[in-house]
Amino acid sequence: MNALVHGIRPNVVQFLHQLLQVLLVGLTLGMMRTVVPALAETEFGVPRGSFLLLGTFVIAFGVVKGVMNFVAGRLSERLGRRRVLMLGWLVALPIPGLVWFAPDWGWIVFATMLLGVNQGLTWSMTQTSKLDLTRPDERGLTIGLNEFAGYAGVALAGLATAWLATVLGARPGLLVFGGGTVLVALGLTLAWVKDTLPWARQDAARHALTDDTPVPGTWEVFARVSWSDRRLMAVCQAGLVEKFVDALVWVMLPLYLYQRGLSLAAVGGVVGVYGLAWGGSQLFTGKLSDHVGRQWPNVLGMFTCGGGVALMVLGQGVAWWSVSAAVTGLGMALLYPNLSAAVADVAPPAWRGSAIGIYRFWRDLGYALGALGLGLAAQLGGDMAVAFWFVALAMFASGALLAWLGEETHPRLRRGGP
């Protein structure tokens, strides 16, 4: 059999199919992020001021998605990337129907748990598959493009579902949008997606010629990524805390804006600015780290993001909130692809899929811990603004820890050579 070639250019067709897949993954996530929290009280029976109850669906999502990220990484090294991707889409099929029929908030929590399974399997596979196909000097660009497509999908879904909810009603709008997205994704996976595990195995075999270290077991890889390797530990804690921001934007921001007089469409617009700034900027920030390294974009991103969150409660009006959302999105764009790229830099090909899955386990556990923390902060403080300050301070503290413990991981810059 001919040797497989690594790189975006020689694999551009399959690379584009994978980008389309992650766009659909983002659309599936985004359908639950604007309409559901904004209308939690009027449509799904969440009592006003019950911030912890409101956060339960994101807590459930974070725990499930975090676990599935870890499972997906190990599973894909045995079954292949395509089969795991297909399984993720099959799990998503009931979600729009559950939202349509939901008599109470418990159904929304269950639907979001299925969404966590879907996202853990599908988003992990789209990222891992593209890393399988590309070269080490393209990792920042690869993850930047991946996250651009995914979070552009999240933003577009927020805008689309807000409009559909206004035209058709909340439940019919989510049913039409969600059902159509999942069915298209399933069809495209069956028709055009290839398994990229052979590229990863070829890379691992080449790596084994120069490194005969045995592949570590599951627990050893988990320990190494989580705490034994200081570089990876620093990245994991930053990944966990940065999800506090996304939990805030998902749980609190739509309701915060809606209760201050914005229409559902305007709420979708502000939340969409955050998603588009995050997604669009990653076209540049991922590639940037291939030239300047991962460490300083990651640290700068943590502080920029924390500053954007603080701005949200320091002013009023659509323009102010939109600028604050854009600053927050830019901070996320600086750190989001480059934290993942740092993990890919350090982990050998033989267990890179597992390492990325473990990092994503900790990162997405941040949804659960963040939603719990901001829910408690708002509940105890009696005001949603307290939750924004909780998240901003957590980002500043985590950024400082990353600056102290983290190191540059880019292969060329780490060696100090060309």
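**Reading helix α4 and its partners**

Analyst: In this predicted model, helices α4 and α7 are roughly parallel to each other, because angles under 35 degrees count as such. Their packing angle is about 30°, and their axes lie 7 Å apart.

User: In which hand does α4 pass α7, and how does their contact divide by class?

Analyst: The crossing of α4 with α7 is right-handed. The contact of α4 with α7 has 16 nonpolar, 8 polar and 1 charged residues.

User: How is α4 oriented relative to helix α17?

Analyst: An angle over 145 degrees counts as roughly antiparallel. Helix α17, residues 352-381, packs against α4 at about 175°, with the axes 7 Å apart. The two helices are therefore roughly antiparallel. In the contact of α4 with α17 there are 17 nonpolar, 10 polar and 7 charged residues.

User: Where is the kink in α4 centred, and which residue follows the helix?

Analyst: The kink, of about 35°, is centred on F57. After α4 comes G80, with a positive phi near 105°.

User: How many aromatic pairs are there, and why is the pair of Y151 and W278 called stacked?

Analyst: Rings pair if their centres lie within 6.5 Å, and the count here is 23 aromatic pairs. The ring centres of Y151 and W278 are 3.7 Å apart and the planes meet at 15°, so this pair is stacked. Because Y151 belongs to helix α8 and W278 to helix α14, the pair ties together parts 127 residues apart in sequence.

Technical notes. Residues are numbered from 1 along each chain as its sequence is written. This is a predicted model: local features need pLDDT of at least 70, side-chain atom pairs count only at pLDDT 80 or more; totals for chains, interfaces and linings use all residues. Side-chain values use heavy atoms; hydrogens and water are left out. The bend at a residue is the angle between axes fitted to the seven residues ending there and the seven starting there. Helices (H or I, at least four residues) and strands (E, at least two) are DSSP runs, numbered from the N terminus. Axes are lines fitted to C-alpha atoms, for helices over the stretch in contact, and angles run from 0 to 180 degrees between N-to-C directions. Angles under 35 degrees count as roughly parallel, over 145 as roughly antiparallel, 65 to 115 as roughly perpendicular and the rest as oblique. A crossing is left-handed if the near helix is turned anticlockwise from the far one by less than a right angle, and right-handed if clockwise. Ala, Val, Leu, Ile, Met, Phe, Trp, Tyr, Cys and Pro count as nonpolar, Asp, Glu, Lys and Arg as charged, and the others, Gly among them, as polar. Rings of Phe, Tyr and Trp (its six-membered ring) pair if their centres lie within 6.5 Å; planes under 30 degrees apart count as stacked, over 60 as edge-to-face and the rest as tilted.
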